[in-house]
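This report walks through one protein model. It starts with the chain as a whole and ends with single residues.

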Amino acid sequence: MATRSAPPPPAPKPGRVKVYRALYDFQARFDQELSFSEGDLLYVSDQAPNKDWHTASIGGKKGLVPANYVVSENVEELPNPLHEAARRGNMEMLKECIREQVSVNSLDKSGSTPIYWAAHGGHIEAVKHLLTVPNCSIVSQNKLGDTPLHAASYKGHSECVKMLLDASASPFIKNNDNKLPIDVAKDADVAALLDQAMKTNRINEAEYADYQSDSDAD
């Protein structure tokens with residue numbers, strides 16, 4: 001009987017990461033493999049060493065899992081786990097997703113990023129943590145043209161608005177309805193923060209003048 005050879009070591013650089021929940025236990029047979037139990041979350045990179053193995057991380061421990069396990073009914077894929085964590089303000093899950101290199105700029109069905117949902121929900125700690133990720137986009141627009149600043153402004157989350165503005169989120173981006181964040185703001189404190197940001201943004205002085213002209217015309 002042929003001896004099964006040990007799989008090659010994990011790829012050093014992870015690619016796009018998908019998240020799965022294990023539906024059954026798996027027992028590793030070699031040091032490079034990962035053992036896991038039913039219910040464990042598997043963070044699986046698309047940069048596989050070969051077609052038979054996937055590079056994965058479970059609870060911070062990295063190794064290999066058989067490709068046929070991941071593509072079978074042994075696992076349940078969790079779509080947009082970072083979005084869901086941001087939407088709910090689940091900091092434990094949010095931090096774990098970021099640590100396991102789930103993309104902070106991935107888009108859900110609405111075209112929204114995780115920080116959009118964190119801002120929409122007024123989850124201050126989630127917004128703050130996402131802003132620490134170097135490549136986190138704060139100007140990305142969803143299918144309605146709304147940015148995270150639109151979401152926080154509309155929902156009246158003044159602290160989130162302030163954090164986004166402090167991180168250089170533009171108050172001059174218009175959504176598909178041709179509305180700026182200040183146009184959708186209902187809260188006076190939020191509107192004041194946005195107005196001040198628009199006044200002090202010298203690069204966009206002409207745009208602010210246009211906004212004032214339009215407001216006077218109304």
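## Terms and overall make-up

Helices here are DSSP runs of H or I with at least four residues, strands are runs of E with at least two, and both are numbered from the N terminus. The model is predicted. By that assignment, the protein chain has ten helices and five strands.

The protein chain holds 218 residues, and 41% of them are buried. Its exposed surface comes to about 12,200 Å². Carbon and sulfur atoms supply 48% of that area. Among contacts with a separation of 6 or more, 59% join residues 24 or more positions apart.

## The α7–α9 pair

How do α7 and α9 pack? Helix α7 spans residues 158–166, and helix α9 spans residues 188–200. Their axes are 9 Å apart, at an angle of about 15°. Angles under 35 degrees count as roughly parallel, so α7 is roughly parallel to α9. The crossing of α7 with α9 is right-handed.

Ser158, Val161, Lys162 and Leu165 form the α7 side of the contact. Val190, Leu193, Leu194 and Ala197 form the α9 side. By class, the contact residues are six nonpolar, one polar and one charged.

## Leu131 in α5

Leu131 belongs to helix α5, residues 124–131. Its relative accessibility is 26%, so Leu131 counts as partly exposed.

Which residues does Leu131 contact, neighbours within four places in sequence aside? They are Ile115, Ile138, Met163, Leu164 and Ala167. Take Ile115: Leu131 lies 16 residues from Ile115 in sequence. In space, their C-alpha atoms are 8.2 Å apart.

Most residues other than glycine have a negative phi. Two residues in this model are worth checking against that background.

Asn80 has a phi near 50°, a positive value in a residue other than glycine. Asn80 sits in the loop between β5 (75–77) and α2 (81–88). With a relative accessible area of 30%, Asn80 is partly exposed.

Ser168 has a phi near 75°, again positive in a residue other than glycine. The loop between α7 and α8 (181–184) contains Ser168. Is Ser168 buried or exposed? Exposed means over 50% relative accessible area. Ser168 is at 61% relative accessibility, so Ser168 counts as exposed.

Terms used. Residues are numbered from 1 along each chain as its sequence is written. This is a predicted model: local features need pLDDT of at least 70, side-chain atom pairs count only at pLDDT 80 or more; totals for chains, interfaces and linings use all residues. Side-chain values use heavy atoms; hydrogens and water are left out. Axes are lines fitted to C-alpha atoms, for helices over the stretch in contact, and angles run from 0 to 180 degrees between N-to-C directions. Angles under 35 degrees count as roughly parallel, over 145 as roughly antiparallel, 65 to 115 as roughly perpendicular and the rest as oblique. A crossing is left-handed if the near helix is turned anticlockwise from the far one by less than a right angle, and right-handed if clockwise. Contact means heavy atoms within 4.5 Å. Ala, Val, Leu, Ile, Met, Phe, Trp, Tyr, Cys and Pro count as nonpolar, Asp, Glu, Lys and Arg as charged, and the others, Gly among them, as polar. Buried means under 20% relative accessible area, exposed over 50%, partly exposed in between (1.4 Å probe, protein chains only). Accessible areas come from the Shrake-Rupley method with a 1.4 Å probe; for residues, only the protein chains shown count as cover.
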